[in-house]
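Please look through the structure below before reading on.

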Amino acid sequence: MRFEPTEEQSLVERTTRDYAQRVLAPRAAERDRTSEFPAGELRELASLGLCGINVPEELGGAGAGAVAYVMALEELARADASVAVALSVTNMVAELVARFGTDAQRREHVPRLTSGEYLCGAFALSEPHAGSDAAALTTSATRTARGWRLRGAKQWITSGDQAGLMVVWAVTRTGAGAKGISAFLMRGGAPGLVAGRRE
């Protein structure tokens, strides 16, 4: 079977390749040495429509599909793998909210992720003792009169200290294993949220 990209997929690939070669590759080694977060680069990628490649257009995404998304990530990773990872997590968070969020959550958060208003998104699942084993999570969420109170610690959260929005996974039904876990949307800088050391 022969694969021929569509015109839209080719445009996404060419746009990403040009940006990656012209902007990302020349500074990639220096960013690795200094651990500089690519804030400016992520904002520029958002302006190119790459922070919501597979997100519907009505929510600010490109609506270009999964193939275009993969083609863009290949081009970014070839130039700077860390930028590709940060962008992929942002896309994942935008897609997750677009697909599973309420209408109000979609309208509030997805356009902010795709436009770069939220610098990036983060997916807060892993914990120091549990890694990515969701059934072993201990971060808990308790309903209060004002909403939910989350308590716990997460680790290895890509872009966690820079994210405008995080999807945080917490136990809401003790003893139910993975079926007792819920996802919460938390804005960066929320009261009580503390970023630990960078890794």
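Helix α3 has 14 residues, and the distance from its first C-alpha to its last is 20 Å, close to the 20 Å expected at 1.5 Å a residue. The expected span of a helix is 1.5 Å times one less than its number of residues. Helices (H or I, at least four residues) and strands (E, at least two) are DSSP runs, numbered from the N terminus. This is a predicted model, in which local features need pLDDT of at least 70 and side-chain atom pairs count only at pLDDT 80 or more, while totals for chains, interfaces and linings use all residues. Residues are numbered from 1 along each chain as its sequence is written, and side-chain values use heavy atoms, with hydrogens and water left out.

**Helices α3 and α4**

- The axes of α3 (residues 66-79) and α4 (residues 81-100) come within 6 Å and cross at roughly 150°. Axes here are lines fitted to C-alpha atoms, for helices over the stretch in contact, and angles run from 0 to 180 degrees between N-to-C directions.
- That angle makes α3 roughly antiparallel to α4. Angles over 145 degrees count as roughly antiparallel, under 35 as roughly parallel, 65 to 115 as roughly perpendicular and the rest as oblique.
- On the α3 side the contact uses Y69, L73, L76, A77 and A79, and on the α4 side A81, A84, L87, S88 and N91. Contact means heavy atoms within 4.5 Å.
- The residues of this contact divide into eight nonpolar, two polar and no charged. Ala, Val, Leu, Ile, Met, Phe, Trp, Tyr, Cys and Pro count as nonpolar, Asp, Glu, Lys and Arg as charged, and the others, Gly among them, as polar.

**What is buried in the helices**

- The buried residues of α3 are A68, Y69, M71, A72, L73, E75, L76 and A79. Buried means under 20% relative accessible area, exposed over 50%, and partly exposed in between (1.4 Å probe, protein chains only).
- The cover over the buried residues of α3 includes α1, α2 (39-47) and α4.
- E13 is found in α1 (residues 7-34). With a relative accessible area of 18%, E13 is buried.
- Not counting residues up to four places away in sequence, E13 touches M71 and E75.
- Buried residues of α4 include V83, A84, L87, S88 and N91.

**Strands around β4**

- Six of the seven residues of β4 (residues 165-171) are buried, so the strand is mostly covered.
- β4 and β1 (residues 121-124) run parallel and are joined by four bridges. Two strands pair if DSSP finds at least two bridges between them.
- M166 in β4 stands opposite A122.
- β4 and β5 (residues 181-187) run antiparallel and are joined by seven bridges. The bridge partner of V168 in β5 is F184.

**Single residues**

- H109 lies in α5 (residues 103-115) and counts as buried at 6% relative accessibility.
- Leaving aside neighbours within four places in sequence, H109 is in contact with Y118, L165, L185 and R187.
- The C-alpha atoms of H109 and G164 are separated by 9.2 Å, although these residues are 55 residues apart along the chain.
- Most residues other than glycine have a negative phi.
- S35, in the loop between α1 and α2, has a positive phi of about 60°.
- S159, in the loop between β3 (147-151) and β4, has a positive phi near 60°. At 8% relative accessibility, S159 counts as buried.
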